[in-house]
Structures are given as structure tokens and as C-alpha cells.
Amino acid sequence: MIKAKKLYLETFGCQMNVSDSEKIVTLMKGMGYGQTQEPGEADLVLLNTCSIRATAEQRMYGHLGKFKSMKKKRPELIIGVGGCVAQQEGEELLKKAPFVDLVFGTHNLHLLQKMVAGAEAGKKSVATDFLDDEKRFDLFPHAETEGGVTRFVTVMQGCDNFCAYCIVPHVRGREISRSADKVVEEVAALAAAGVTEVTLLGQNVNSYGFKEDAAPDFAELLFRVAEVDGIERLRFTTSHPKDISARLIDCFAQIPKLAPHIHLPAQSGSDEVLKRMNRGYTRADYLAKVRALEEACPGIQITGDMIVGFPGEDEAAFRETMALIEEVRYADLFSFIYSPRPGTKAAGFPDEVTRKEKQGRLELLQAAQKRITLERNQSLVGSVQRVLVEGASSSGDSLFGRTGGNRGTVLHGDLALAGRIVEVRITEGLQTLLKGEVVHA
Ligand code: 5AD
Ligand code: SF4
């Protein structure tokens with residue numbers, strides 16, 4: 001009997017990597033690789049990497065070390081690195097980690113089968129060329145459509161914004177949008193396979209179609225996707241505050257399937273810092289968009305990202321960030337200490353704030369947000385939320401789902417409810433989740 005080949009895949013970083021990893025699984029399945037969660041029994045190890053902050057990159061090298069000894073014992077083990085670190089390092093990665101067999105960049109998934117076949121025959125390869133063409137989205141089969149309650153659908157990739165701190169434009173290349181017909185086609189196929197919710201994905205979905213002459217704008221794309229029968233809930237991520245149009249804000253009032261949640265990263269509350277970050281909006285512009293969203297969609301849950309310790313952020317600037325989170329009252333906030341990235345503009349900025357001060361600011365920000373999140377979760381107690389049931393909860397004795405506002409919710413009920421939107425009365429608001437009871441299934 002021929003032993004089935006096994007793939008061990010680890011994914012770091014953002015949803016774009018999660019989505020690419022789904023495609024990798026499908027591509028490798030096409031070559032006879034089934035997936036395993038046990039690195040020890042793998043014939044092929046692939047790491048899909050992230051380089052957004054130095055810590056993410058270091059973590060990936062740490063992980064890679066683990067596989068080095070494995071490869072010593074089993075030289076036939078194939079090791080591949082993809083994603084943003086692979087894109088950034090290219091050939092260098094083979095020098096730093098000579099036990100690696102293949103390095104594939106963010107635009108090179110379509111070459112992966114060929115590269116793995118080469119590695120099976122003992123040949124190392126590196127592919128990191130950018131392919132700035134819409135064709136790249138459809139050069140290989142998309143992730144299998146089978147199963148799942150909620151799925152990502154890529155609508156655009158890359159970024160042209162060059163925020164001063166950010167490596168994404170350097171490792172994901174120029175912004176490029178996928179044809180609306182292809183997006184709708186994929187969503188329809190997912191709906192036919194039983195998927196209830198899709199999240200339209202891109203580094204900056206708000207600028208969807210900006211560069212493509214005949215493409216509709218993102219608002220129009222949302223209307224088209226919302227028409228797909230079987231899809232009951234629609235989300236999108238990520239949004240750039242400078243590009244969110246009045247037409248897009250109005251979608252929250254016009255499209256009932258559009259979930260009342262938006263991830264709208266501010267990055268800082270200080271105009272002076274925002275300017276040096278090259279964000280293209282002021283604190284007042286940002287707040288005006290927040291108010292317009294709340295008007296179009298009362299109760300909308302807004303989440304965000306914030307960076308502390310950007311070069312030149314003084315105490316006063318930090319206090320403005322603290323004040324902004326109190327004003328917006330984010331449902332949740334992801335906050336980070338600024339990490340200089342090679343090749344970005346801010347990497348050359350003088351930075352006088354000490355590590356200790358930055359750590360202190362992060363702690364203050366996170367403590368304040370923790371309180372706001374808890375208060376917001378508690379304020380939902382007694383309300384009835386539409387929860388999309390995703391499956392069993394982690395403890396196994398209840399169900400887990402998400403409200404329209406994207407709050408994780410635990411409830412009791414039959415597993416047969418998975419994939420359905422049910423009305424749930426919220427009974428408890430905890431720090432990281434809500435608890436509730438089904439009032440209408
Ligand atoms: N340092 C710290 N945080 C960063 N982010 C992006 N680049 C950096 C960096 N160099 C954060 C931003 C972004 C999120 C995905 O990661 O807040 O929105
Ligand atoms: Fe990075 Fe700015 Fe592009 Fe977002 S918009 S991916 S933060 S450069």
C-alpha cells in the first residue's frame with residue numbers, strides 16, 4: 001500500500017495568510033498531501049509567515065529551528081517557507097536556514113506545486129517575483145468550497161498607501177483588485193456549498209476598483225455580493241479611514257445582510273503623529289467617519305488598531321490616543337508597540353522614546369480598552385442579538401457563534417443550529433465573550 005503523504009502547515013499573521021493557507025491546503029491536496037496536525041508525521045512542512053512586526057518574524061525563525069533537527073533525522077522531510085518573510089528575504093532565507101527546500105513569496109502560490117515536485121526530486125527553489133496582474137488571482141484553483149459556516153473571499157491584494165511604519169506594500173506589492181464577476185462567482189459557489197457568511201478580504205478593501213477602469217467601487221461590489229442567495233451575512237476587512245466613502249457608509253443602512261461591524265484602524269489619536277505616519281486623515285476626519293457610521297447603523301461595533309511609541313510620539317500625543325479610545329469606545333482594539341521594519345520610511349526616523357516608556361504606554365492603553373470592552377459587553381445584557389452559530393464551543397458542551405457586531409457568543413442549543421442565524425438574548429457580558437439563550441431559532 002502506498003503511504004499517503006502528509007502536510008504540516010503553520011500559519012502566522014493576518015487573515016490574508018489564513019486565506020492563502022486554505023489555498024495551499026487545496027493545492028497540496030492536488031498533489032496527494034493530506035493535512036496533519038503532527039509535525040512528527042509530516043513529509044512536507046510549510047510555514048506561511050508574517051513580517052508585520054519584528055516579533056512575528058523572530059517567532060517564525062524560532063519555529064523554523066524546531067524543524068532543523070527534524071530534518072537532520074529525516075533528510076527526506078521537505079521544508080518550505082512562504083508568505084511575507086519569504087517575500088522579504090528571498091534567497092537570503094536559504095542562507096540563514098540552509099535546511100529549507102523552498103521559499104515562495106506572496107505572489108507565487110501558483111508555482112507551489114511545481115516547487116514541491118522539484119523538492120521531492122531533491123531540488124531547492126526560490127520564487128519571489130511580483131505578478132502585478134489581475135490574472136494572479138485565478139492562476140490556480142481557489143480553496144475548496146466544501147463545508148464551513150463562514151469563509152473569506154479575497155477581493156483585492158496589496159497596498160499603495162505606504163504608511164511610514166508598514167512593511168505590507170513592500171511584501172505584498174501594489175494594490176490590485178479582482179474582477180467583480182469572479183468575486184460574485186466564488187461567493188455563489190460557497191453559498192451553494194452551504195456557507196452562510198462571507199468576509200470580503202483585502203489590505204484596504206475601501207479602495208477596491210480604484211485603479212481598474214471598468215471595475216465597480218466597493219459599495220457596488222457589496223450590493224452585488226449581497227444579492228447572492230444563501231449568503232445571509234456579509235462582512236469586510238480591512239478598511240482605511242481615508243478611503244471609506246459616504247456611499248460605503250450608506251451600505252450599512254441599505255444592505256440588511258451587511259453585519260453591523262467595521263474594523264477601522266486609527267493607529268494614533270494625534271494629528272502630528274498621523275501626519276508622520278502618512279495616514280492621510282486627521283483625528284477630526286476619523287471621528288467624523290465614526291459618527292457617520294453610527295448614524296447609518298445605530299449600535300455598530302467598531303474595532304481598531306493602534307500603535308504606541310511611533311518615533312516622536314511624546315506624552316501629549318499619547319494622551320490624545322488615550323482620549324480617542326474613550327471617545328470612540330471601541331468594541332475591541334488591537335494595540336502594538338511600534339516596531340521598525342526594514343525598508344520603511346519610519347525606520348529612518350529618530351526615535352527617542354525608551355522601550356520602557358513604550359511598554360508603559362501600551363499597558364495604560366490596554367488597561368483602558370479592557371475596561372471599555374467589558375463595559376460594552378455588559379451593556380449588551382438583555383438585548384436580543386442575531387447570532388450566526390459556527391459550531392460547538394471550545395468546552396464542547398455549548399455552541400459558539402458571533403453576533404452581527406462580531407462579538408463571540410456562547411449559547412446552549414443543538415449542534416444542528418450550526419450555519420443558522422438565531423436570535424439570542426444576551427444574559428452575561430464577560431471580558432472576551434457574551435453568553436446568551438436562544439429566544440428564536
Ligand atoms: N509596528 C507596529 N505595529 C504595526 N502595524 C503595522 N506595522 C507595524 C509596525 N511596524 C500594526 C498596525 C496595523 C496592524 C495590522 O499592525 O496597527 O493596522
Ligand atoms: Fe500597511 Fe497602511 Fe497599507 Fe494598511 S494601509 S497595509 S497600514 S501601508
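A: Core and domain contact

The largest nonpolar core has 58 residues, and Val198, Leu200, Phe218, Leu222, Phe236 and Tyr330 have the most contacts inside it. Such a core is a set of buried Ala, Val, Leu, Ile, Met, Phe, Trp, Tyr and Cys residues joined through side-chain atoms within 4.5 Å, where buried means under 20% relative accessible area (1.4 Å probe, protein chains only). Apart from this core lies another, of 22 residues, including Tyr8, Ala42, Val45 and Ala86. The model is predicted: local features need pLDDT of at least 70, side-chain atom pairs count only at pLDDT 80 or more, and totals for chains, interfaces and linings use all residues. Side-chain values use heavy atoms, without hydrogens and water.

Beyond its neighbours within four places in sequence, Phe218 is in contact (heavy atoms within 4.5 Å) with Val155, Leu200, Val205, Asn206, Tyr208, Phe236 and Leu248.

The domain assignment, automatic or from a database, gives domain 1 (5–127), domain 2 (134–259) and domain 3 (384–440). The C-alpha centres of domain 2 and domain 3 are 26 Å apart, and their contact takes 8 residues from domain 2 and 12 residues from domain 3. Together they bury about 740 Å², 53% of it on carbon and sulfur atoms; this is the accessible area (1.4 Å probe) that two parts lose on being put together, summed over both. Val149, Arg233 and Arg235 lose the most area on the domain 2 side, together 62% of what that side buries.

Technical notes:
Residues are numbered from 1 along each chain as its sequence is written. Chains are lettered from A and ligands numbered from 1 in the order in which they are written. Buried means under 20% relative accessible area, exposed over 50%, partly exposed in between (1.4 Å probe, protein chains only).
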